[in-house]
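Visitor: Hi! Could you walk me through this one with me asking questions as we go?
Guide: Happy to, here it is.
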Amino acid sequence: MTRQSISLANQNDEWLKQQINKEEFTSKSEAVNYLIKQAREREEYHHYVQMKIDRGIKSGFSAKTKEELLAEIKKRLNVSL
């Protein structure tokens, strides 16, 4: 594991100390690593959602009715009407 030296704003340092005192984390390092992991996961999820949105926009609008769309979805899922 890489060792780093960072500066924290006072309120962030106090928050970290509180988390350790509440035994949410065993050390500041554990808390910071957890928070970074959470940020990375949110970023990955954001990219995934954006990709889905872009795909939907590129597919354009459908001329099908709600009923036709529902029947098509059910057929894809092998669900009986």
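Visitor: In what order do the elements of the protein chain run from the N terminus on?
Guide: Starting at the N terminus, the order is α-α-α. Keep in mind that this is a predicted model.

Visitor: And how many helices and strands are there in the protein chain?
Guide: The chain has three helices and zero strands. Its radius of gyration is 23 Å, well over the 12 Å that the globule rule gives for 81 residues, so the chain is more spread out than a compact globule.

Visitor: What does the C-alpha trace span along its principal axes?
Guide: About 60 × 30 × 25 Å.

Visitor: What share of the residues counts as buried?
Guide: Of the 81 residues, 6% are buried. The accessible surface is about 7800 Å², and carbon and sulfur atoms account for 53% of that.

Visitor: Switching to charges: how far apart are the mean positions of the positive and negative ones?
Guide: They are 6 Å apart, taking the 15 positive and 12 negative charges of the chain.

Visitor: Let's zoom in on α1. What should its twelve residues span?
Guide: At 1.5 Å a residue, α1 should span 16 Å, and its end C-alpha atoms are 16 Å apart, so the two agree.

Visitor: Which residues are buried in α1?
Guide: Those are D13, L16 and Q19. Looking down the helix axis, the buried residues of α1 fall within an arc of 120°, so they line one face of the helix.

Visitor: Why would residues three or four places apart point the same way?
Guide: An α-helix has 3.6 residues a turn, so residues with that spacing point the same way.

Visitor: Nice. Which exposed residues does the face turned away from the buried side of α1 carry?
Guide: On that face you find N10, Q11 and N21, which are exposed.

Visitor: What about N12, where does that lie?
Guide: N12 is in helix α1 too.

Visitor: How far is N12 from S27?
Guide: Their C-alpha atoms are separated by 14 Å, and the two residues are 15 residues apart along the chain.

Visitor: Is E23 buried or exposed?
Guide: Exposed: the relative accessibility of E23 is 72%, and the cut-off for exposed is over 50%.

Note on methods. Residues numbered from 1 in each chain as written. Predicted model: local features only at pLDDT ≥ 70, side-chain atom pairs only at ≥ 80, totals over all residues. Heavy atoms only, no water. Buried < 20%, exposed > 50% of the residue type's maximum accessible area, 1.4 Å probe, protein only. Helix = DSSP H or I, 4+ residues; strand = E, 2+ residues; numbered from the N terminus. Rg over C-alpha atoms; globule rule 2.2 N^0.38 Å. Areas by Shrake-Rupley, 256 points an atom, 1.4 Å probe, with all protein chains shown as cover. Lys, Arg positive; Asp, Glu negative; His and termini not counted. Charge placed at Lys NZ, Arg CZ, Asp CG, Glu CD. Expected span 1.5 Å × (residues − 1). Arc of directions from axis to C-beta.
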